[in-house]
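Q: I have a model open and want to go through it with you. Can we start with the metal site?

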Amino acid sequence: MPSVTNASGPIGAEVRGVDLSGEVDDALFARLRDLLHARGVVVVRGQHLTEADQVAFAGRFGSLQKILFSEHLVPGYPELFLISNVVEGGRNVGNTDAGRFWHTDGAYLPAPHRISMLYAVEVPHRDGRPLGDTVFTGMAAAYDALPRATKARIAGLKAIHSLVHRYETKTGSPEDLVARTRKYPPAAHPLVVRHPDTGRQCLYVSEGYTTGIEGMGEAQARELIDALCAHAVRPEFHYRHRWEVGDLLIWDNRQTLHKATFDYLPAERRLMRRATVSGEAFA
Ligand code: OGA
Ligand code: MN
């Protein structure tokens with residue numbers, strides 16, 4: 001039987017004693033899916049997953065996102081890509097840049113990604129401790145904790161989320177990458193979304209992608225976005241994931257933000273395989 005331990009904050013749960021390789025029965029899948037909806041982030045420890053296992057398990061949650069930027073694909077698996085600092089033959093094997101800012105995956109799309117999952121192949125360690133933690137914040141708890149006046153003020157507002165903006169203002173992005181991001185025009189989403197599975201209200205805004213608010217002047221919008229972002233990333237809403245090789249970390253993009261920690265050196269290898277479940281526009 002699986003053992004499930006909730007983290008101390010409003011999000012995060014750890015599962016041990018299950019094997020997600022090969023066939024995963026319906027009862028176990030339903031249990032993990034329900035846990036993900038309840039806790040926003042779930043780590044299943046101790047896995048040994050092939051690429052095919054990961055694609056098959058991720059596909060139980062919905063249709064998988066074919067990857068937008070193709071240089072870090074896993075050969076033969078267009079639904080997987082690599083996040084890594086590993087260099088082979090003078091070339092990065094994976095995306096080195098994921099999660100520099102608080103964000104939620106695919107917020108710049110009209111139908112943002114529903115769920116993402118990373119499988120840890122290599123985790124850097126120093127003095128016996130893992131490096132490169134991924135930190136999450138719970139956006140349902142963040143919404144609930146807003147002052148009543150703020151909830152009233154933001155009800156019905158829509159925010160603009162832009163990938164183009166992020167790349168255009170980032171120094172050091174290769175020009176061809178900047179050009180390719182222009183294919184993804186900014187998308188508008190409610191500032192408060194109703195989570196389709198839990199029914200809870202979640203704040204939907206991020207440091208990484210949110211650039212404006214429909215119908216609001218730039219300065220005023222910036223001030224509101226910054227205040228909401230600062231509120232959302234308060235530590236009491238966090239789950240900090242300390243990686244172990246063999247972790248499958250699954251998160252729900254509709255109710256969390258996440259951010260990577262770049263505390264490891266180029267020689268300290270980190271290699272993660274990601275699968276992404278497509279989503280739908282918010283109601
Ligand atoms: C991602 C991401 C952060 C990390 O894969 O979407 O933001 O810690 N990753 O690798
Ligand atoms: Mn991400």
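Q: How are the donor residues of the manganese ion (ligand 2) spaced in sequence?
A: The spacing reads H-x1-D-x152-H. Keep in mind that this is a predicted model.

Q: Where do the two histidines sit in the chain, His103 and His258?
A: His103 is in the loop between strand S7 (91-92) and strand S8 (115-122). His258 belongs to strand S19 (residues 256-260).

Q: Which atoms are the protein donors of the manganese ion (ligand 2)?
A: NE2 of His103, OD of Asp105 and NE2 of His258. They lie 2.1 to 2.2 Å from the ion.

Q: Are His103 and His258 buried or exposed?
A: Both are buried.

Q: And the chain overall, what share of the residues is buried?
A: Of its 283 residues, 52% count as buried.

Q: Switching to the fold: how many helices and strands?
A: There are 7 helices and 20 strands. The radius of gyration is 18 Å, close to the 19 Å from the globule rule for 283 residues, so the chain is as compact as a globular protein of that length.

Q: What does the C-alpha trace span along its principal axes?
A: About 50 × 45 × 40 Å.

Q: What share of the contacts between residues at least 6 apart joins residues at least 24 apart in sequence?
A: That share is 79%.

Q: Last one, charges. How many positive and negative side chains?
A: The chain has 33 positive and 33 negative ones, and the centres of the two sets lie 4 Å apart.

Note on methods: Residues are numbered from 1 along each chain as its sequence is written. Chains are lettered from A and ligands numbered from 1 in the order in which they are written. This is a predicted model: local features need pLDDT of at least 70, side-chain atom pairs count only at pLDDT 80 or more; totals for chains, interfaces and linings use all residues. Side-chain values use heavy atoms; hydrogens and water are left out. Helices (H or I, at least four residues) and strands (E, at least two) are DSSP runs, numbered from the N terminus. The radius of gyration is taken over C-alpha atoms; the globule rule is 2.2 Å times the number of residues to the power 0.38. Buried means under 20% relative accessible area, exposed over 50%, partly exposed in between (1.4 Å probe, protein chains only). Contact means heavy atoms within 4.5 Å. Lys and Arg count as positive and Asp and Glu as negative; His and the chain ends are not counted. The place of a charge is taken as NZ of Lys, CZ of Arg, CG of Asp or CD of Glu. Donors are N, O and S atoms within 2.8 Å of the metal (3.2 Å for Na, K and Ca); water is not among the atoms, so sites may look incomplete.
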